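Thank you for making the time this morning. I would like to walk through one model with you, moving from a helix pair to the core and then to a few single residues.

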Amino acid sequence: MQFVFSGLTSGAIYALIALGFCVVHNTMGIVNFVQVDFVSLGGMLLFSALFALGLAMPLALLAAVAGVTLTAMLVERFGVRPSRSDNHLVLIFLTIGLSIILRGIMALVWGKNRMAVPPLSGEEPIVLFGATLLPQAVWILVLTAAAIAGLVFFFRHTSLGLAMRAVASNPAAAAVVGLNTGRVKAISFGLAGALGGLAGVLVTPITTLSHDVGVLLGLKGFAAAILGGFGSFPGAIIGGVGLGLMESLSAGYLSSAYKDVIAFVVLLLVLFVRPKGLMGK
């Protein structure tokens, strides 16, 4: 049970990051590699909100997620949209370049030293089914579930969510009927940033914080999206949780040395056997 709860905690983070990849892919048809740095930025902004601005943890968390959301929309508006190319491969390489730039800016602003942020609540462990859970792990599971529920409601029951689904389905037809596709794409980047930022503020209290902490986590989230079927929201959740469980169980029953290898071995196996993923169409 200890390994299972550990896997679910990691899997929830991977699922949030994978969902961010899927949001941008479904709207713009590209892989947004800036997503990995939205995770780092969320932790960095949480650190500044707590120690530079002196905000209470709930307000600092909201401010950090809002800051990443705004940054993501600015990245789309001034980094991606001015590109004169409609070639998806060119845009993917553009996001890699923007990722390097954003990581460099974070290194300049916050430095390259490792930092730490406190958990959302106390550190008194909780015993459940014979396993020991930190309160931060409970927060990760609860807030991830709330974010997924909010995402489902947003896409199914709000006009903006329906507009994003329309642009994802057929951008030309959406533009013909009057939808502002540029605005929808910016909002999709913002939503991806919010998911990445939330992952960052949730995971950094139980890991070290640095300007590049999101790179490995982001690549695992990308692997989770591939595993579930790139672009599929249910697939991203299943892929994230499945990957987290495989990592935890392999570390527990084989060796912790293989923990970070599992994600990429799974990625290769999926590409070999079922390139469209578990729930890809």
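Before the first contact, a word on the angles I will quote: the axes are lines fitted to C-alpha atoms, for helices over the stretch in contact, and the angles run from 0 to 180 degrees between N-to-C directions. Please also keep in mind throughout that this is a predicted model.

With that in place, consider helix α1, residues 2–28, and helix α6, residues 159–169, which pack at an angle of about 60° with their axes 6 Å apart. Angles from 65 to 115 degrees would count as roughly perpendicular and those under 35 as roughly parallel, so α1 is oblique to α6. On the α1 side the contact involves Val 23, Asn 26 and Thr 27, and these meet Met 164, Val 167 and Ala 168 in α6.

Met 164 leads us on to the core. The largest nonpolar core has 80 residues, and Met 164 is one of the four that touch the most other members, together with Leu 46, Val 201 and Leu 202. If we set aside neighbours within four places in sequence, Leu 202 is in contact with Ile 13, Leu 16, Leu 120, Gln 136, Trp 139, Ile 140, Leu 143 and Thr 144.

Is Ile 187 buried or exposed? Its relative accessibility is 17%, and because the limit for buried is under 20%, Ile 187 counts as buried. Not counting residues up to four places away in sequence, Ile 187 touches Met 73, Leu 160 and Met 164.

Let me turn to helix α4, residues 88–110, whose 23 residues reach 33 Å from the first C-alpha to the last, close to the 33 Å expected at 1.5 Å a residue. Its buried residues are Leu 91, Ile 92, Thr 95, Leu 98, Ser 99, Leu 102, Met 106, Ala 107 and Trp 110, and what covers them includes α2 (35–51) and α3 (57–80). Just after α4, Gly 111 takes a positive phi of about 80°.

Finally, Tyr 258 lies in the loop between α10 (233–253) and α11 (259–273), where, at 47% relative accessibility, Tyr 258 counts as partly exposed. Tyr 258 and Ser 248 are ten residues apart along the chain, and their C-alpha atoms are separated by 9.9 Å.

Definitions and conventions: Residues are numbered from 1 along each chain as its sequence is written. This is a predicted model: local features need pLDDT of at least 70, side-chain atom pairs count only at pLDDT 80 or more; totals for chains, interfaces and linings use all residues. Side-chain values use heavy atoms; hydrogens and water are left out. Helices (H or I, at least four residues) and strands (E, at least two) are DSSP runs, numbered from the N terminus. Angles under 35 degrees count as roughly parallel, over 145 as roughly antiparallel, 65 to 115 as roughly perpendicular and the rest as oblique. Contact means heavy atoms within 4.5 Å. A nonpolar core is a set of buried Ala, Val, Leu, Ile, Met, Phe, Trp, Tyr and Cys residues joined through side-chain atoms within 4.5 Å. Buried means under 20% relative accessible area, exposed over 50%, partly exposed in between (1.4 Å probe, protein chains only). The expected span of a helix is 1.5 Å times one less than its number of residues.
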